[in-house]
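Open your viewer and get ready to click along.

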Amino acid sequence: MDPLSSARLDDPLTPAREATVEMLQQRRRHFSLPQPFYNDERLFRLEMQEIFEKEWLFAGMTCEIPAKGNFITLEVGDNPVVIVRGNDGDVHAFHNVCRHRGSRLCVTDKGKVAKLVCPYHQWTYELDGRLLFAGSDMGKEFDLSAHGLKPVHVRTGGGFIFVSLADEAPEIDGFLEALDHYLAPYDMANLKVAVESSIVEQANWKLVLENNRECYHCNGAHPELLNSLQEFDDTDDPRATPAYKALVARKQADWEAQGVPFTLTRLERRNRLTRTPLLDGAVSMTMDGKQACQKLMGNLQSADLGSLRILHLPNSWNHFMGDHAVVFRVMPLGPQQTVVTTKWLVHKDAMEEVDYVPEQMRKVWDATNDQDRRLAEENQRGINSKAYQPGPYSETYEFGVIDFIDWYSERMLENLGNTAPQLRLAKG
């Protein structure tokens, strides 16, 4: 580590670390976080170091890089990353930084290359990161093998790609196995991205996640979404009605007969997978509840599969139906700015304007994303006020938010190096 990197731990982030640990240890559980967690630049920098540079992040789908040389890129704060399909068919990830003078190698969101070539001075790397060419001007003693691309941890499961910038990545095997199990019927290698969008929300990334983790606001905010979506996805939810429980029992019997996984699975607070019915009579998240794509995904035999909901903290939630899927990725841009990327997936052989019409497929979630953007931005504006103080969450409607904030607090404390055996939470 260079001297300046060592020095920066003492100025200004060491006091911020100490203050953050103290606030997390003293926070009132079932209450929102103190104001600095939503708008302080120093605390945001800590989050990028302790959450987004250490945890597993959803980056994209394996179907986006189907052949050797296909790549996608990702920006994790100040850290550009490139993910590429190698000559061996494996998925590789690297810091998207040339070992010559540090230029980014791949400057587009996605593409296909024979080799990874720096646009600045044409240093050339194999798809597995080995430096192949640095020009004759580097001298005869120059060691190509000592200047390969710096790798990033990468794992795949169920068609999802995850990366971790940590020196030692945390465990993720259980979640990847669950993804493989739940998504096996979808034949994920044979999907494609039909359409995608990215919107920038002027709000802290945690507000974006908090908004997603509850449907307390849905009745007042999401008329398009509620044409097809149940407001809850668990028969143990205190709001679950007898009619919903009966619908679940009927649908689960159908799914079991088709060999389609549906059982609720939780892996600590970080990951959650469950298949739940849409409104009775609806088979897809569209304006009329009808199929958005006439060609079903994978080996599925029915469009009436409800929604397989998949949560991965800190940055993704997803809905898989019989005809198409919608995957979401959240990436922080600043303490009060977040980009939300949405991708709609269909069978790779589905034909645009024949099997699906993009505008119709995306209409519900385009509307919902924009509505959520406005909610998060107004939430941020209020939190910025000197009148803000942490407010209570509803254990009935906002238990998902409570779980998220608990997970966040635990990970921050552990990654910050807190030695306390458990969270010392003040009673609310």
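**Stop 1: where two domains meet**

Across the interface of domain 1 and domain 2, the rule finds two salt bridges, a salt bridge being a side-chain nitrogen of Lys or Arg within 4 Å of a carboxyl oxygen of Asp or Glu. Select Lys343 and Glu64: they form a salt bridge, with the closest N and O atoms 2.7 Å apart.

Before going on, note that this is a predicted model, where local features need pLDDT of at least 70 and side-chain atom pairs count only at pLDDT 80 or more, while totals for chains, interfaces and linings use all residues. Residues are numbered from 1 along each chain as its sequence is written, and side-chain values use heavy atoms, leaving out hydrogens and water.

**Stop 2: the two domains**

Now colour residues 57–164 as domain 1 and 185–384 as domain 2; these bounds come from an automatic or database domain assignment. Their centres, taken over C-alpha atoms, are 31 Å apart. Domain 1 brings 14 residues to the contact and domain 2 brings 19, where contact means heavy atoms within 4.5 Å.

How much area do domain 1 and domain 2 bury between them? About 1,200 Å², with 67% of it on carbon and sulfur atoms. Buried area is the accessible area (1.4 Å probe) that two parts lose on being put together, summed over both. Select Phe58, Cys63 and Phe160 next: they supply 41% of the area that domain 1 buries against domain 2, more than any other three residues.

**Stop 3: a hairpin**

Show the cartoon and find β9 (residues 153–157), which pairs with β10 in the antiparallel sense over five bridges. Strands (E, at least two residues) are DSSP runs, numbered from the N terminus, and two of them pair if DSSP finds at least two bridges between them. Click Arg155, and then Phe162, its bridge partner in β10. The hairpin has two residues between its strands, and Gly158 takes a positive phi near 60° there.

**Stop 4: two backbone details**

Which residue has a positive phi although it is not a glycine? Select Gln122, whose phi is about 65°; Gln122 sits in the loop between β6 (116–117) and β7 (124–125).

Finish at Leu313 and Pro314, which are joined by a cis peptide bond with omega about 20°. Pro314 lies in the loop between β14 (307–312) and β15 (316–320).

How values were computed: Helix = DSSP H or I, 4+ residues; strand = E, 2+ residues; numbered from the N terminus.
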